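Here is a short note to read beside the model. Please keep the structure open and find each point as you go.

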Amino acid sequence: QRVELEARILRQRLAVAGEVRAAWWDWMAATAVRTALQARVAAAAALERDTARQVAAGNLATVDGLVATASLREAQAALREQELALQRATIAFRTLTGLSPTAGPTEQPATSADLDPRTTAARATIDYGRAAERLAQLRTRANPEIGLQLRQERDSFSQPWGSRAALLVTIPLSYSGAQRERIAEARAQVAAGNAGLATLERVLPTGVERAREAQASATARANLADARHGALSEQVRLVEAAWRAGQTPLIELVRARSQLAESDAARRLARAQAGRAVSALNQALGVEPQ
């Protein structure tokens, strides 16, 4: 019973770890997008200040100042919305764990689990059922009982109290019906454990294979997002140089910066998704987070 209980506790720990992993990565993804939007607001605010100075100096038209202000307000609204999403993710994690989420090192993909808590729990259930069956076969009758009884009583209100002691001994006879019932229950538990173990041995490798494929795909998407962001960064540099030289309107710079901000959020989110995929792989392997 002790071994079976410990195995079930480990299995439940892994299930709880999966919930904590999901909640933490929701918070990490929301934090990543918030960071990108903060950078977008900072860049839009700098552009708005620069444009306002040039409009005041008569170097730019008033419409350019309005375009820069509208871009800043759009970025601020997106940041405010993301702040709400981040707050919700924080509350969800705190509700689950009682702690506030903090950033830390992400998990590394494990090769395999030495002992998967799910299969260990299934084997422990089988062992417990077999032990219960052997015990039921040996116990053909209930345990003898011995008891001591002390009573204080009197026959009427006018008589004094008297004490009486009694020794009770119970020697039960054979109870074959109850024994057969316990043996049947133990065998049913063994059968259920064998069926559960067979299912786990069939399902778990498939889940690990899917998790590995998802992890590889998430890593590839993160690399592509980084490459796209690099290309857009160079594009923004060229467009900004052209705008300052008077060769392109401000709206083109605003559009290029908007694409860059979107790609920054996408690449940060892709990195978070890649980290989540590693955690999902370790969860499929039955490895708890460290």
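1. Overall make-up. The protein chain has 5 helices and 2 strands. Read from the N terminus, the order is α-α-α-β-β-α-α. Keep in mind that this is a predicted model.

2. Overall spread. The radius of gyration of the protein chain is 35 Å. For 290 residues the globule rule gives 19 Å, and the value here is well over that, so the chain is more spread out than a compact globule. The C-alpha trace spans about 115 × 60 × 25 Å along its principal axes.

3. Helix α1 with helix α2. Find helix α2, which covers residues 62-97. The axes of α1 and α2 come within 8 Å and cross at roughly 160°. Angles over 145 degrees count as roughly antiparallel, so α1 is roughly antiparallel to α2. The crossing is left-handed. Sorted by class, the contact of α1 with α2 holds 22 nonpolar, 11 polar and 8 charged residues.

4. Arg34 lies in helix α1. What does Arg34 contact, leaving aside its neighbours within four places in sequence? The partners are Leu79, Gln82, Glu83 and Leu86. Note the spacing of such numbers along a helix. An α-helix has 3.6 residues a turn, so residues three or four places apart point the same way.

5. Helix α1 with helix α3. Helix α1 runs over residues 2-56, and helix α3 over residues 117-138. Their axes come within 8 Å and cross at roughly 155°. That makes α1 roughly antiparallel to α3. The crossing of α1 and α3 is left-handed. On the α1 side, the contact is made by Val3, Glu4, Ala7, Arg8, Leu10, Arg11 and Leu14. On the α3 side, it is made by Pro117, Arg118, Thr120, Ala121, Ala124, Thr125 and Tyr128. These residues divide into 8 nonpolar, 2 polar and 4 charged.

6. Helix α2 with helix α5. Here the angle is about 15°, and the axes are 10 Å apart. Are α2 and α5 roughly parallel or roughly antiparallel? Angles under 35 degrees count as roughly parallel, and α2 and α5 are therefore roughly parallel to each other. Their crossing is right-handed. From α2, the residues are Asp64, Val67, Ala68 and Ser71. They meet Leu250, Ile251 and Val254 in α5. By class, the contact of α2 with α5 has 5 nonpolar, 1 polar and 1 charged residues.

7. A length check on α5. Helix α5 has 36 residues, 250-285. At 1.5 Å a residue, α5 should span 52 Å. Its end C-alpha atoms are 53 Å apart, which agrees.

8. Just after α5. Gly286 comes here and takes a positive phi of about 85°. Now set Gly286 against Arg34. The two are 252 residues apart in sequence. In space, C-alpha to C-alpha, Arg34 and Gly286 are 32 Å apart.

9. The segment after α5. Glu288 is found in this segment. Which residues does Glu288 contact, once its neighbours within four places in sequence are left aside? They are Leu10, Arg13, Leu14 and Arg21. Along the chain, Glu288 and Arg21 are 267 residues apart. Their C-alpha atoms are separated by 9.6 Å.

Notes:
Residues numbered from 1 in each chain as written. Predicted model: local features only at pLDDT ≥ 70, side-chain atom pairs only at ≥ 80, totals over all residues. Heavy atoms only, no water. Axes fitted to C-alpha atoms, helices over the stretch in contact; angles between N-to-C directions. Helix = DSSP H or I, 4+ residues; strand = E, 2+ residues; numbered from the N terminus. Parallel < 35°, antiparallel > 145°, perpendicular 65-115°, else oblique. Left-handed = near helix turned anticlockwise from the far one by under 90°. Contact = heavy atoms within 4.5 Å. Nonpolar A, V, L, I, M, F, W, Y, C, P; charged D, E, K, R; others polar. Expected span 1.5 Å × (residues − 1). Rg over C-alpha atoms; globule rule 2.2 N^0.38 Å.
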